[in-house]
Amino acid sequence: MEFFTIILEKSSRRQVLSDNFVKMLDGHRPQNMKLRQAGNGLHKLWDVEVVFDTDGRMYLDRGWKQFVRAYDLRHVYFLVFRYDGNATFAVKVFDTTMCRRRYQDDEDASMLCLFFLSIRLCLTPI
């Protein structure tokens with residue numbers, strides 16, 4: 001399953017996850033998740049604590065702030081989470097240029113950048 005979220009000021013402390021993702025878990029409430037930056041090669045796994053509020057919303061909590069700092073995630077960055085079924089998310093990061101952020105060993109980010117730039121040019125009024 002994949003879903004996206006946008007970094008807001010309050011999400012630098014903890015990040016809410018998609019309600020549909022929580023429903024997909026079918027009552028299972030993991031205590032921890034692992035995050036990794038998506039792309040080619042092996043990437044560091046980040047341990048992140050999961051918490052649920054009284055309304056059943058799921059948040060990435062302790063460890064999320066370190067992930068935000070390590071990948072320099074900023075206000076209005078666009079994140080795509082892909083769940084692999086083993087309590088691990090691969091995270092794609094797009095910045096304010098609408099291009100995927102390039103990190104070490106990330107060879108496919110440049111192709112996505114060209115794709116989004118071409119869409120942006122097509123949608124720009126003349």
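Biologist: In what order do the 7 strands stand in the open sheet?

Modeller: This is a predicted model. Its 7 strands form an open sheet in the order E1-E6-E7-E3-E4-E5-E2, and the pairing is mixed. Strand E1 (2–6) and E2 stand at the edges with a single partner strand each, so one side of each has no neighbour in the sheet.

Biologist: How do strands E6 and E7 run, parallel or antiparallel?

Modeller: Strands of a sheet pair through backbone hydrogen bonds, in either a parallel or an antiparallel way. Strand E6 (residues 78–83) and strand E7 (residues 88–94) run antiparallel and are joined by 6 bridges. For Val80, the bridge partner in E7 is Lys92.

Biologist: Which elements does the chain have besides strands?

Modeller: The chain has 3 helices along with its 7 strands. From the N terminus on, the elements run β-β-α-β-β-β-α-β-β-α. Of the 126 residues, 38% count as buried. The accessible surface comes to about 8100 Å², and 53% of that belongs to carbon and sulfur atoms.

Biologist: What share of the contacts between residues at least 6 apart in sequence join residues at least 24 apart?

Modeller: In this chain the share is 51%.

Biologist: Now the aromatic rings. How many aromatic pairs are there?

Modeller: A pair of aromatic rings is described by two values, the distance of the centres and the angle of the planes. With centres counted as paired within 6.5 Å, there are 14 aromatic pairs. In one of them, the rings of Tyr83 and Phe89 have centres 5.4 Å apart and planes at 55°, so the pair is tilted. Tyr83 and Phe89 are both buried.

Biologist: Which residues form one aromatic cluster?

Modeller: The cluster is formed by Phe3, Phe21, Trp46, Trp64, Phe67, Tyr71, Phe81, Tyr83 and Phe89.

Biologist: Which charged ends sit over a ring?

Modeller: The charged end of Lys44 sits over the ring of Trp46, 4.1 Å from the ring centre. Trp46 also belongs to the aromatic cluster. The charged end of Arg29 sits over the ring of Phe52, at 4.3 Å from its centre.

Note on methods. Residues are numbered from 1 along each chain as its sequence is written. This is a predicted model: local features need pLDDT of at least 70, side-chain atom pairs count only at pLDDT 80 or more; totals for chains, interfaces and linings use all residues. Side-chain values use heavy atoms; hydrogens and water are left out. Helices (H or I, at least four residues) and strands (E, at least two) are DSSP runs, numbered from the N terminus. Buried means under 20% relative accessible area, exposed over 50%, partly exposed in between (1.4 Å probe, protein chains only). Contact means heavy atoms within 4.5 Å. Accessible areas come from the Shrake-Rupley method with a 1.4 Å probe; for residues, only the protein chains shown count as cover. Rings of Phe, Tyr and Trp (its six-membered ring) pair if their centres lie within 6.5 Å; planes under 30 degrees apart count as stacked, over 60 as edge-to-face and the rest as tilted. A charge sits over a ring if NZ of Lys or CZ of Arg is within 6 Å of the ring centre and within 35 degrees of the ring normal. Two strands pair if DSSP finds at least two bridges between them.
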